[in-house]
Amino acid sequence: MILSCSNICKAFGSDTILDHVSFHIEEHEKAAIVGINGAGKSTLLKIIIGELPADDGVVAVSKGKTLGYLAQHQDLDSSRSIYDEVLEVKRPVLEMEERLRFLEREMKEKDGEDLEAMFREYNRLSHEFDLANGYACQSEVIGVLKGLGFGEEDFSKPISTLSGGQKTRVALGKLLLTEPDILLLDEPTNHLDMESIAWLETYLSNYTGSVIIVAHDRYFLDRTVKKIIELDGGKSTVFSGGYTAYSEKKALLRQAQVKAYLNQQQEIRHQEEVIAKLKSFNREKSIKRAESREKMLAKIEVLEKPTEINDAMDIHLEPRVVSGNDVLTVTGLSKAFGPLSLFSDVNFEIKRGERVAVIGNNGTGKTTLLKIINQMVPADSGDIRLGSKVQIGYYDQEHQVLHMEKTVFEEVQDAYPNMNNTQVRNILAAFLFTGDDVFKRISDLSGGERGRVSLAKLMLSESNFLILDEPTNHLDITSKEILEDALNRYTGTVLYVSHDRYFINRTATRILELTGQTFISYIGNYDYYLEKKDLMQSLYASREPETRKNSSGSFSSGGFSAAPSGAPLTAEDGGGKASASTDSKQDWKAQKEEQARIRKRQNELKRTEEEIHRLETRNSEIDELLTHEDICRDVPKLIELNTEKENLEERLLALYEQWESLAQA
């Protein structure tokens with residue numbers, strides 16, 4: 001055991017935040033502290049590092065072990081560059097290297113005992129330098145900085161010019177390179193893009209020390225921790241496993257608690273009815289029996305009512321009008337800001353009922369794409385066409401669609417004047433605005449509160465095409481799960497941008513990755529995207545020159561599964577550039593022939609995917625049948641199934657090769 005927390009208590013005024021919290025951390029163990037906003041997670045970390053005193057309880061750290069802490073917000077004040085600031089962490093190693101170089105120069109001029117003394121010191125320092133991984137010191141620093149999303153062009157930027165998020169990334173890099181025995185990280189994935197988060201997951205998984213993480217990123221927790229410490233109502237409960245395992249165990253535990261509470265309440269009501277009936281007889285024996293039952297009832301340890309989890313926010317999204325099957329068609333879309341080109345000649349379609357997640361690194365143009373579709377930003381070129389009866393509902397992470405001068409109540413009532421005061425208050429109460437909260441001005445709300453107002457308006461809009469920009473920002477885990485369930489029940493169409501991989505995994509039916517100024521489409525959730533990412537990017541890279549010349553900016557994965565109607569997405573790019581260079585009929589004819597060729601390949605690709613899906617389904621059915629005892633005893637049937645399976649797998653192999661050939665064509 002490397003760290004122990006025993007009966008930690010902490011209150012602020014009359015509010016008890018931590019009530020006899022206890023847990024321990026073993027060497028090399030990775031754990032997470034979870035709980036709703038305000039549960040005391042950050043407070044507990046500050047108590048562990050000694051920044052805050054506990055009202056009661058003991059924090060014990062094994063002798064000689066070091067602690068490293070990353071707070072949510074950093075205010076680094078330094079005149080150094082990013083690279084020099086992080087390299088300073090390696091100052092002891094750098095000084096050893098300087099001493100070694102000095103000894104090398106001096107030994108050339110010495111002899112006798114002086115030379116021997118220097119040689120002994122040189123050997124000792126060389127050994128220490130080697131143990132400290134000194135030869136890889138600078139490459140280690142560069143690797144960490146690049147992993148956290150800094151390009152080499154950023155290394156020379158002064159710390160004083162950085163944003164708060166960039167300073168937090170620098171602080172995280174410094175902390176990781178110090179390699180403390182126990183890492184305490186408070187929301188380390190804030191300000192990181194997906195690639196940087198994936199890099200941090202790998203780094204922490206291979207980290208030799210112990211790690212304690214506070215984070216709302218459930219996917220990140222699933223991939224990094226093996227223990228969950230839950231804070232709920234000031235109390236702590238420890239669960240083994242990652243976040244998903246914890247969530248499942250928590251649900252079962254809560255079901256048992258609710259059942260026990262309801263059974264006890266039923267028994268109490270029954271006893272009270274019996275006591276009242278006995279007393280109503282008004283006889284000595286019956287009254288004594290009633291009194292005896294009352295004494296027994298008084299000794300019962302009444303269970304507390306389990307707190308409601310999923311009534312914190314009540315989201316019901318349902319379109320008023322059903323749209324046509326073709327919801328959105330984007331053709332030849334391009335956008336640049338000055339010399340910075342975000343995307344060029346991209347084409348894609350979205351069909352009714354799809355939930356499409358747009359992902360990509362920071363600054364690639366994901367939010368800009370949503371704003372173009374919602375007519376908030378003009379495109380440089382291209383066409384955006386909405387389908388029949390499509391009604392857009394837009395959720396903006398910057399909440400530009402809210403009126404800062406209005407109160408929460410006015411914001412909703414003015415948008416929906418047919419609602420009376422009671423209806424408006426009920427809606428706002430479902431999003432945690434009660435009492436005088438409804439009279440707060442939008443300008444005075446926090447980011448999370450503004451997000452809840454936007455979600456309330458979205459719920460009332462009854463739109464059939466939701467466009468959401470980072471909808472889970474500022475939401476705690478419980479609220480995220482409520483939103484996930486609402487979107488999964490939603491019968492309309494959803495297009496959203498998100499960095500929350502767990503949210504994407506639970507809700508997306510298709511992923512559009514914005515990379516290299518174009519889109520690559522994956523028909524599946526985030527796990528499927530990870531499975532096919534390397535394959536699809538290598539296929540795209542191999543055909544990129546041709547893509548630039550002859551194809552659209554959208555490239556479909558499709559994988560080895562059937563695609564939904566309208567997919568895979570591969571549209572035409574070349575025509576725009578050809579027509580820009582010449583208006584001749586010959587060029588127009590060549591363009592049409594190229595478009596026809598591409599459409600033919602699309603159809604062949606789709607047919608191939610559908611056949612692969614059908615054969616894979618049958619293959620799985622055969623695997624299931626071969627586990628049945630009655631089949632195993634039926635030798636002719638067993639031979640028949642095995643023969644069918646061999647033929648299927650041979651045909652599938654040919655189809656896989658055919659699919660790859662078509663995808664690269």
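Helices H6 and H7 are roughly parallel to each other, a class covering angles under 35 degrees. In this predicted model, local features need pLDDT of at least 70, side-chain atom pairs count only at pLDDT 80 or more, and totals for chains, interfaces and linings use all residues. Residues are numbered from 1 along each chain as its sequence is written, and side-chain values use heavy atoms, with hydrogens and water left out.

H6 (residues 164-178) and H7 (residues 194-205) pack at about 20 degrees with axes 12 Å apart, and the crossing is left-handed. Leu 172, Leu 176 and Leu 177 of H6 meet Trp 199, Leu 200, Tyr 203 and Leu 204 of H7, where contact means heavy atoms within 4.5 Å. This contact comprises seven nonpolar residues, with no polar and no charged ones.

For H12 (residues 408-415) and H14 (residues 447-461), the axes come within 11 Å and cross at roughly 20 degrees; the crossing is right-handed. Val 408, Glu 411, Val 412 and Ala 415 of H12 make the contact with Val 453, Lys 457 and Leu 460 of H14. By class, five of these residues are nonpolar, none polar and two charged.

The second largest pocket holds about 870 Å³ of space. A pocket is an open set of points on a 1 Å grid where a 1.4 Å probe fits, with protein on both sides within 12 Å along at least five of seven lines; lining residues have an atom within 4 Å of a point. The lining has 32 residues, of which Thr 189, Asn 190, His 191, Asn 473 and His 474 lie nearest the centre. It divides into five nonpolar, 17 polar and 10 charged residues.

Definitions and conventions: Points joined across faces, edges and corners; volume = space filled by probe spheres on them. Nonpolar A, V, L, I, M, F, W, Y, C, P; charged D, E, K, R; others polar. Axes fitted to C-alpha atoms, helices over the stretch in contact; angles between N-to-C directions. Helix = DSSP H or I, 4+ residues; strand = E, 2+ residues; numbered from the N terminus. Left-handed = near helix turned anticlockwise from the far one by under 90°. Parallel < 35°, antiparallel > 145°, perpendicular 65-115°, else oblique.
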